[in-house]
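This report describes a sheet, the helix packed on it, and a disulfide. The sequence and structure come next.

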Amino acid sequence: EQGKLLTMALPCDPHKYNDYSNLPSNRAGELDLDDMIANIDSIDLLSYDLKGSWSPFTGHHSGLGKNKNESSYFNTYPESEFYIQSCVQGYVANGVPSEKISVGVPVYGHSWKGIEDVTKGDPPISGLFNTHTGVPKGTWDGGKWGMSGVFDYEDIVRNIVPKAITVETDT
C-alpha cells in the first residue's frame with residue numbers, strides 16, 4: 001500500500017543468503033532472494049547470536065569481522081564465517097541492494113565457563129577462541145530451557161562490569 005513500508009528480518013546464515021537457484025538439491029529451505037527483494041523496502045539482518053553456548057569455542061556473538069588470526073582456531077568449524085561483514089557482503093553478492101540492508105545490534109551478552117587458560121588472537125585476548133566446559137547461569141536462566149549463559153545489558157552494567165578484573169578489546 002502507498003505510504004507503507006514492508007520489511008523483513010533475515011538470518012546471518014550463509015545457507016540462507018546464498019543463491020537459491022544454484023544450490024544443490026539437498027539444500028531445501030533457503031531463501032529465494034530474487035523474488036523477495038522487489039517487494040521488500042528494508043531487510044533487517046539478525047546479526048547477533050552468531051556464537052554462544054552451542055559453539056565449541058568462545059567468540060564474539062555479534063562480531064563485525066574475523067580476527068586476524070581466527071582462521072587458525074576455527075579452520076574446521078563452519079561458524080567461523082558467521083560475521084556481520086560476511087553476512088552483509090553475502091546478501092549484497094546475492095542481489096540485495098546495500099541501501100535495503102540494516103544491521104541488528106544486540107544489547108545483551110553471551111558467556112562461558114571453564115575456559116581454557118590460553119591467550120589467542122591478534123591482538124591476543126585472554127579466553128577468546130578457546131574451548132569451554134559450558135555456560136554459567138544467565139540473567140533469565142532457571143526455567144525449563146536450562147542454562148543459556150545470556151546476560152542482559154542492565155545485568156552486565158550493574159553486576160558484572162563492577163566486578164570485572166580485566167576488560168580487553170578486539171580491534
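## Sheet

The predicted model contains an open sheet of three strands in the order 1-2-3, with parallel pairing. Strands (E, at least two residues) and helices (H or I, at least four) are DSSP runs numbered from the N terminus, and two strands pair if DSSP finds at least two bridges between them. Strand 1 and strand 3 (101-103) are at the edges with a single partner strand each, so one side of each has no neighbour in the sheet. From one strand to the next, the twist averages 30°.

Strand 2 (residues 42-46) and strand 3 run parallel and are joined by three bridges. L45 is opposite V103 of strand 3.

## Helix on the sheet

Helix 4 lies across strand 1, strand 2 and strand 3, and runs at about 165° to strand 3. Axes are lines fitted to C-alpha atoms, for helices over the stretch in contact (heavy atoms within 4.5 Å); angles run from 0 to 180 degrees between N-to-C directions.

## Disulfide

There is one disulfide (cysteine sulfur atoms within 2.5 Å) in the structure. C12 and C87 form it, with sulfur atoms 2.3 Å apart. C12 is in the loop between strand 1 (7-11) and helix 1 (14-17), and C87 is in helix 4 (residues 84-93), so the pair ties together parts 75 residues apart in sequence. The link of C12 and C87 is left-handed, with -80° about the S-S bond.

C12, at 5% relative accessibility, counts as buried, and C87 counts as buried at 1%. Buried means under 20% relative accessible area, exposed over 50%, and partly exposed in between (1.4 Å probe, protein chains only).

## Basis

Residues are numbered from 1 along each chain as its sequence is written, and side-chain values use heavy atoms, leaving out hydrogens and water. In this predicted model, local features need pLDDT of at least 70 and side-chain atom pairs count only at pLDDT 80 or more, while totals for chains, interfaces and linings use all residues.
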